[in-house]
Amino acid sequence: MDIDDTPVLDNHLHLDPVNGRNVAAAEEFASQGGTHLLVLNKPSWHLVEKATAAETFREVFDLTVEAAAAATEVLDGRAWPVLGVHPALISKLVDDGYTPPEAMDIMQTGLDVAAEYVDNGDALAMKSGRPHYDVDDAVWEASNAVMCHGFERAADVGCAIQLHTEGGEDFEAVAGWAEDRGLDRMQVVKHYSGGRLRGPVKSVLADKDELEIAVETDEPFLMETDYIDDPDRPGAVLGPKTVPRRVRWLLENGHEDAVRTAHVETPKAVYGIDTEATLQR
C-alpha cells in the first residue's frame, strides 16, 4: 500500500485565523499526503481578550468553524471543527479574581455552547479536560466537574469528546465517569497520548517510539500532531507534515493494518465519520 491509497487524518491540530498560518498549514499537511483534519479551537485567550460569556465563546468557535471550512478547500478529504474549553482557562479565570466555582460555571457555559454547535451540525465533536499541571484541591475539583459536564453534554448531543489532561496511562476512572453520564468510552479520546492507555481511546502523538507501541498493542488509536499554529513557536508541538510522514513510515514497515485502524476504522467508531467516502483523489 502507498500513502495515496489511504486517508490520512490528523486527529488534533490547531489553525489560527487571527495570528497564525491558518490555511497555509493545512496546505503543508496536504502536500505530504494528508487528507483529513480535526481542527481544535485554540485556547480562548489566544483568540479573544476574554471568554467569560456565551457570546465570547461563540466568537472563538466561529473562527474555528471558518478555519476548518477554509482548510477543507485545500484538502482531498475534509476538515471538521472540534470545539470546547481548554482546561487551563480555569487558572486564567482564578488569576483574574474568579473563585473556582465561578470559573467552573463559565467553563460549563462554554461547553454548553460547544454542544449547540455539534447539535446544529456545525461541529463534529467537543473538547474538555483538566489541568496537566499542579493545582490546588478546589481548582482540581472544579476542573473535574467541568470535564464531567462535558461528558453529559456530549452524551446529550451524541458526539465524542477529546480530553486534554495530565500525562499517564491509567484513565479507567475517567472513562467510567463518562459511562456514568451516558457516554460510551469509545467516544472519549485522550489527546496527546502515548502508545499505551487504559480507559479512553488514545490519540497518539506522532512519535515513532509511541506509534510502535500503539501498533503492538493492537487496539484502536488515532494519530495527531497537536500543531499549535503559533508564529512564535513554528513547528510546535509537531509540524503539520508529521502525520503524513509517519503514515508513510508505517506503510514502509509493513503496518498497513495499523494505518487502516488509525485513519479509517477508529475515526468511524469514535466520530462516525467515513474518511474513505469523503476522500476525492
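Modeller: Start with aromatic pairs: rings of Phe, Tyr and Trp (its six-membered ring) pair if their centres lie within 6.5 Å, and planes under 30 degrees apart count as stacked, over 60 as edge-to-face and the rest as tilted. Here Phe57, Phe61 and Tyr117 form one aromatic cluster. The model is predicted, so to speak of local features requires pLDDT of at least 70, side-chain atom pairs count only at pLDDT 80 or more, and totals for chains, interfaces and linings use all residues. Residues are numbered from 1 along each chain as its sequence is written, and side-chain values use heavy atoms, with hydrogens and water left out.

Colleague: How many aromatic pairs does a search of the whole structure find?

Modeller: The search finds 2. Helices (H or I, at least four residues) and strands (E, at least two) are DSSP runs, numbered from the N terminus.

Colleague: Are Phe61 and Tyr117 buried or exposed?

Modeller: Both are buried, that is, under 20% relative accessible area with a 1.4 Å probe, protein chains only; exposed is over 50%, and partly exposed lies in between.

Colleague: How is empty space found?

Modeller: Rolling a probe the size of a water molecule over the atoms shows where empty space is left. On a 1 Å grid over the protein atoms alone, a cavity is a set of points where a 1.4 Å probe fits but cannot get out, and a pocket is an open set with protein on both sides within 12 Å along at least five of seven lines; lining residues have an atom within 4 Å of a point. Grid points are joined across faces, edges and corners, and a volume is the space filled by probe spheres set on the points.

Colleague: Which residues lie nearest the centre of the largest pocket?

Modeller: They are His14, Pro43, His86, His164 and Ile228, out of 20 lining residues. The volume of the largest pocket is about 380 Å³. Strand E5 gives the largest share of its lining, 3 residues.

Colleague: What lines the largest cavity?

Modeller: Its lining consists of Asn41, Ser44, Trp45, Phe57, Gly84, Val85, His86 and Leu89. The volume of the largest cavity is about 30 Å³.
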